[in-house]
Amino acid sequence: MQRILVSLGLKYTTQSVIVGKLSSYARKNRTKLAMWELDSIYRSIYILRYVDDLLLRQNVQKALNRGEAYHQLRRAISHENSGKFRVETEAEQNIWNECSRLVANSIIFYNTFLLSKLLEQMEGKKKLEVIEQIKKVSPIAWQQTWGEGSI
C-alpha cells in the first residue's frame, strides 16, 4: 500500500491506473482488500464528521444545490422546442449536448460578470449589507420568465 500511495503522491501514476490494476487481480488479493478497507475507514470517518459538523453539512448541501441548479439550467436549454429532441445520429446528439453546455456556461459566465461588476460598485459605495447579499447569489441562479419550456 505504501508503494501505491507514494506513486500516487509523486504522480508517477494515476488513480485510474491503480484501480484498473487492482480490479484485474483475484478477488482475495491482499493489497486489493487492504485498499478497500482503507477506503471504508476514510468513508466512515467522513460520515462521522458529516453527522457531527453542521458547517460541513451546509457546505455539502450548497454544493449539491449548485449542481442541481446547473442541471436544471441545462435541461431548460435542451428542452427548447417543446422538449422535442430532433437529432438523427449520435454525432448530432453529441453536438447538441456540447452546444447546450456552451450556452449554459455562457449564461453562468455572463451572470458572474454582472455580479462582479455589481459587487465592485457596492464595495465602492461601502454598502456592506448589499455586498453580503450579492456574495450569497449564485451565478448559476436563473429563472424561467417566458412561456413553458423557454428560458
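Is Lys117 buried, partly exposed or exposed? Lys117 is partly exposed, because its relative accessible area is 39%. The classes are simple: buried means under 20% relative accessible area, exposed over 50%, partly exposed in between, with a 1.4 Å probe and protein chains only.

Now the ground rules. This is a predicted model, where local features need pLDDT of at least 70, side-chain atom pairs count only at pLDDT 80 or more, and totals for chains, interfaces and linings use all residues. Residues are numbered from 1 along each chain as its sequence is written, and side-chain values use heavy atoms, with hydrogens and water left out.

Let me stay with Lys117. Its side chain meets that of Glu120 in a salt bridge, 3.9 Å from N to O. A salt bridge here is a side-chain nitrogen of Lys or Arg within 4 Å of a carboxyl oxygen of Asp or Glu. Lys117 and Glu120 both lie in helix α5, 3 residues apart, about one turn of the helix. Helices are DSSP runs of H or I, at least four residues, and strands are E runs of at least two, numbered from the N terminus.

Helix α5 covers residues 90-125 and includes Tyr110.

How many does a search of the whole structure find? It finds 5. One of them links Arg43 and Asp39, with the closest N and O atoms 2.5 Å apart. Both residues lie in helix α3, 4 residues apart, about one turn of the helix. Arg43 is partly exposed at 47% relative accessibility. Asp39 is partly exposed too, at 39%. Another bridge joins Arg75 to Glu68, closest N and O atoms 3.1 Å apart. Arg75 has a relative accessible area of 40%, so it counts as partly exposed. For Glu68 the value is 38%, again partly exposed.

Next, aromatics. The structure holds 1 aromatic pair. The rings of Tyr46 and Tyr50 have centres 6.2 Å apart and planes at 35°, so the pair is tilted. The rule: rings of Phe, Tyr and Trp (its six-membered ring) pair if their centres lie within 6.5 Å; planes under 30 degrees apart are stacked, over 60 edge-to-face, the rest tilted. Both tyrosines lie in helix α3, residues 30-52, 4 residues apart. Tyr46 is partly exposed at 37%, and Tyr50 is partly exposed at 28%.

Last, two backbone points. Lys11 sits in the loop between α1 and α2, and is exposed at 71%. Lys126 also has a positive phi, near 60°. Lys126 is in the loop between α5 and α6, and is exposed at 65%.
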